[in-house]
Amino acid sequence: MLAPKFRVAICGGGISGLCLAVALSRCPSIQVDVYEATDRFKEIGAGVMIWARTWKILEQLGLGPAFSRIAHAPPDGSIGTGFDFRRSDQPQEGFTYHLVQMSYGCIRFYRADFLDVFVDALPSGVAHFGMRLVSYSQKAGANEILLEFSNGTTGTCDLLVGCDGIKSSTRAQLLKEAADRSGDVTLLKFIDPVWTGTIAYRGLIPVERLPPSHRSIANPMMYCGKSKHVVSYSISRGDVVNVVTFASEPEREGSSYNEDTWATHCPQKELLDCYAGWEPEVEQLLSQIENPTKWAIYHLRPLPFFVDGKVALLGDACHAMAPHEGAGAGQAIEDAFILAALLEHATHETIPFALEAYQHVRLPFANHVLKGSYDSGLMYEFNSEYGEDYKNLGPVIEKQWDWVEEPDPEKERLRALQYFEELASRS
């Protein structure tokens, strides 16, 4: 068996890390190791949605049939609406003020099932559990990176990819070292996640507990009110309705969240009190959530770079975003898709060019979606410059989703490869 052309260490076994590992496993000349901090792969949260652009990537990876089996409905383009935006913070029946039309619609999954497709596609011997990355050593002129893990063991690699989430230790070290070298202490402000000023309540409802006519069963719904909104959509082949509600204080964005943990269980009464006086179908929906959980919504400030030497960040580690455009999972998958394509063409010597091309294509796009996701939340809750001007607000909200259609991920892959080849030809 030939020696690998280089070794990739992926730290973090969430969607971004596993998608990258599966994509790289198609290239036998690259050795891949996934280091997961916990004792098994697992996802936090209930629902996950993706858009047509992400579906195209999953099909290219050969995972289309597996994901089709667990989608809420066949992802064949037959469901072409986006969200039904409805004014709902009044006791009487609300009204739809805008229907976002999309050529493909959103494809929804139960999050645990979604992750399991990647787990099942992972080659044997790749995953290593109970190994949280503590630090790495990337010395100038050295051919490899030294890794130190929480269980006291060490390892080496030629390329380290931090897929370790919004609280990424890889991001923290990368930015601290860059600040030390450059003397630019402003880089340190990008290390810690920022509270958006929003809390969310989450719950799952078996579809049989709702009247057959309830809008949430058939359509993705966005029930909107002043500084609050409620999102609902079916998952798990249509058997379950996923509900996420938001309550915001936009003026507190960037301040300290006054709870000990980001996620906790809470009484049903707290949820119902928060949306008391909303239209009947919202109160009916929320009354079926018996054991809600409460979450603080954090995001990152848009990072100035995703790579440093032979260390790269992917997914939430570099662009964790508010969930208001259903974009987090898809953007992580696009990171993995672009980076894997570049590494397939790279050699040990050209890894830095591959990482620069990855950053060139992915950083501006992901940061654009990150910012847009936060801005969309303001719009849904009538806290943007458009206020409650429905005539102008609706089309502006719809325009927020332009990124779903363009640019095409395959075109982005080709653009990244072209940039990589230009860099390599100059060396």
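These legends describe close-up views of a predicted model.

**View 1. Packing of helix H1 against helix H4.** Two packed helices are described by the angle between their axes and the distance between the axes. Helix H1 covers residues 15-24 and helix H4 covers residues 111-121. Their axes are 9 Å apart and meet at an angle of about 30 degrees. Angles under 35 degrees count as roughly parallel, and H1 and H4 are therefore roughly parallel to each other. The crossing of the two helices is left-handed.

**View 2. Residues in the contact of H1 with H4.** H1 contributes Ile15, Leu18, Cys19 and Val22. From H4 come Arg111, Phe114, Leu115, Phe118, Val119 and Ala121. Nine of these residues are nonpolar, one is charged and none is polar.

**View 3. An open sheet of six strands.** Strands of a sheet pair through backbone hydrogen bonds, either parallel or antiparallel. The strand order here is E7-E2-E1-E11-E19-E18, and the pairing is mixed. Strand E7 (127-129) and strand E18 (307-308) are the edge strands, each pairing on one side only.

**View 4. The pairing of E18 with E19.** Strand E19 consists of residues 311-313. E18 and E19 pair in the antiparallel sense, over two bridges. Opposite Val307 stands Ala312 in E19.

**View 5. Helix H5 across strands of the sheet.** Helix H5 (residues 169-182) lies across strand E11 (159-162), E18 and E19. The helix runs at about 125 degrees to E19.

Methods. Residues numbered from 1 in each chain as written. Predicted model: local features only at pLDDT ≥ 70, side-chain atom pairs only at ≥ 80, totals over all residues. Heavy atoms only, no water. Axes fitted to C-alpha atoms, helices over the stretch in contact; angles between N-to-C directions. Helix = DSSP H or I, 4+ residues; strand = E, 2+ residues; numbered from the N terminus. Parallel < 35°, antiparallel > 145°, perpendicular 65-115°, else oblique. Left-handed = near helix turned anticlockwise from the far one by under 90°. Contact = heavy atoms within 4.5 Å. Nonpolar A, V, L, I, M, F, W, Y, C, P; charged D, E, K, R; others polar. Pairing = 2+ DSSP bridges.
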